[in-house]
Amino acid sequence: MDLAAQQAALFARFERLGITTKTYDHPAFFTVEEGRVYKTSMPGAHSKTLFVKDKKDNLFLIVCWADTKVELNALSKDIASSRVSFCAPEIMMDILGVTPGSVTPFALINDTARRVR
């Protein structure tokens, strides 16, 4: 499913659930710093989302405050896993249907096998 179809399906689900949304379009960005210029006009708290895997290929989606310093070694302990690393773009696309710089918790709608924790 292409990005426009994914977005339409997500917004349709929100509508069915009675959830009102406001969308802010912006390019993909890979760091919190890159995104700051876009987020200054957006209300609310801002976050970052990391897609990682451990040595056993368990997948994790980590969401935290934008300014949180994430150390992968400490993160492994926090999630009771072996050492984690960032997932390859191919895995991200296959499981979440998004590309690096566009990771969002809403992409979990595409994980129909529920592999991501």
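Predicted model: local features only at pLDDT ≥ 70, side-chain atom pairs only at ≥ 80, totals over all residues.
Visitor: Which side chain does Glu33 meet in a salt bridge?

Guide: Glu33 meets Arg36, with 2.7 Å from N to O. Both belong to helix H2, which covers residues 32-39, and they are 3 residues apart, so about one helical turn separates them.

Visitor: Where in the chain are the two partners of the bridge between Arg36 and Asp67?

Guide: The side chains of Arg36 and Asp67 meet at 2.5 Å, N to O. This pair links distant parts of the chain, 31 residues apart: Arg36 is in helix H2, while Asp67 is in the loop between strand E2 (59-65) and helix H3 (72-78).

Visitor: Which residues do the shared partners join into one network?

Guide: Salt bridges with shared partners join Glu33, Arg36 and Asp67.

Visitor: Are these residues buried or exposed?

Guide: Exposed means over 50% relative accessible area. Glu33 counts as exposed because its relative accessibility is 55%, and Asp67 counts as exposed at 60%. Arg36, at 36%, counts as partly exposed.

Visitor: What is the distance, N to O, in the salt bridge of Lys53 and Asp57?

Guide: The side chains of Lys53 and Asp57 meet at 3.1 Å. Asp57 has 42% relative accessibility, so it counts as partly exposed.

Definitions and conventions
Residues numbered from 1 in each chain as written. Heavy atoms only, no water. Salt bridge = Lys/Arg side-chain N within 4 Å of Asp/Glu carboxyl O. Helix = DSSP H or I, 4+ residues; strand = E, 2+ residues; numbered from the N terminus. Buried < 20%, exposed > 50% of the residue type's maximum accessible area, 1.4 Å probe, protein only.
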